[in-house]
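Let's walk through this one together, starting with the overall picture and then going into the details. Keep the viewer open as you read.

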Amino acid sequence: MNNILLYPTYFPSISHYIAMIHAESVTFEVEDTFQKQTNRNRMYIYSPNGMQMLNISVKHDGTKCAFKDIKIDHQYNWQKNHFKSLEAAYKNSPFYEYFIDDFQPIFEKKYEFMLDVNFELFERINKALGISIPFEKTTEYFHEVTDKTDFRYLVNGKKDSTQIKPYTQVFDNKFGFINNLSILDLLFNEGRYAVDYLKQQHL
């Protein structure tokens with residue numbers, strides 16, 4: 001893969017990182033219209049009860065609105081709830097204690113815009129993985145692209161059919177391997193080996 005186009009998402013899926021780790025250049029789509037029920041503002045983790053979705057409520061009245069203008073609705077205290085959910089899911093994983101401090105500020109700082117959360121997370125995840133992924137942002141929206149490989153569909157988990165090689169997960173003795181969760185699942189379970197793992201996978 002050479003040049004790829006992706007949406008910035010909340011704690012991206014493993015498939016997002018597989019695409020990026022193999023790319024020569026990454027462009028993030030920031031001129032799109034917000035769509036509900038996508039990974040723009042949600043992620044999936046492996047909880048003690050199986051797969052769990054963590055969603056950030058946003059202020060949206062149903063009219064067309066650019067995602068970059070979408071504001072977070074703080075009345076549901078998403079930061080406290082998500083941090084507690086991550087602790088319950090991964091406190092017994094091999095690398096939780098090693099990496100959680102890298103992400104704790106995300107759950108303490110008050111953000112206005114959802115997009116700001118996603119870009120700060122992207123930088124923090126890359127630092128935890130020990131990688132650098134230079135990127136650009138779009139300046140206008142194109143329904144179809146010809147100069148890049150379009151991976152924007154990965155933002156919709158239902159359309160993302162990526163199958164990845166199983167690795168050890170905290171609760172896999174209860175529910176088996178759960179495919180293509182948030183990159184956090186891979187990081188907390190595999191540590192820096194996550195990078196080698198990502199390089200071995202292909203979309």
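What percentage of the 203 residues in the protein do buried residues make up? They make up 50%, where buried means under 20% relative accessible area, exposed means over 50% and partly exposed is in between, using a 1.4 Å probe and protein chains only. A word on the ground rules: this is a predicted model, where local features need pLDDT of at least 70 and side-chain atom pairs count only at pLDDT 80 or more, while totals for chains, interfaces and linings use all residues. Residues are numbered from 1 along each chain as its sequence is written, and side-chain values use heavy atoms, with hydrogens and water left out.

Now the overall fold. The secondary structure comes to seven helices and eight strands; helices (H or I, at least four residues) and strands (E, at least two) are DSSP runs, numbered from the N terminus. The radius of gyration is 16 Å, close to the 17 Å that the globule rule gives for 203 residues, so the protein is as compact as a globular protein of that length. That radius is taken over C-alpha atoms, and the rule is 2.2 Å times the number of residues to the power 0.38. Along the principal axes, the C-alpha atoms fill a box of roughly 45 × 40 × 30 Å. Among contacts (heavy atoms within 4.5 Å) with a separation of 6 or more, 68% come from residues 24 or more positions apart.

Next, look for the open sheet: four strands in the order 7-2-1-8, with parallel pairing. Two strands pair if DSSP finds at least two bridges between them. The edges are strand 7 (135-137) and strand 8 (149-150), each pairing on one side only. Strand 2 and strand 7 run parallel and are joined by three bridges, and Phe28 stands opposite Lys137 in strand 7. Two helices to find here are helix 1 and helix 4. Helix 1 packs on the sheet by touching strand 1 and strand 2, and its direction makes about 155° with that of strand 1. Helix 4 also packs on the sheet, touching strand 2 and strand 7, at about 175° to the direction of strand 7. Axes are lines fitted to C-alpha atoms, for helices over the stretch in contact, and angles run from 0 to 180 degrees between N-to-C directions.

Stay with helix 1 for a moment. Eight of its eight residues are buried, and what covers them includes strand 1, strand 2 (25-28), helix 4 (114-129), helix 6 (183-190) and helix 7. How do the axes of helix 1 (residues 14-21) and helix 7 (residues 193-200) cross? They come within 9 Å and cross at roughly 75°. The two helices are therefore roughly perpendicular to each other; under 35 degrees counts as roughly parallel, over 145 as roughly antiparallel, 65 to 115 as roughly perpendicular and the rest as oblique. Ile14, Tyr17, Ile18 and Ile21 of helix 1 meet Val195, Tyr197, Leu198 and Lys199 of helix 7.

Finally, two single residues. Thr9 is in the loop between strand 1 (3-6) and helix 1, and counts as buried at 3% relative accessibility. Leaving out residues up to four places away in sequence, Thr9 touches His16, Asn39, Arg40, Asn118 and Val155. Ala89, in helix 2 (residues 78-90), counts as buried at 1% relative accessibility.
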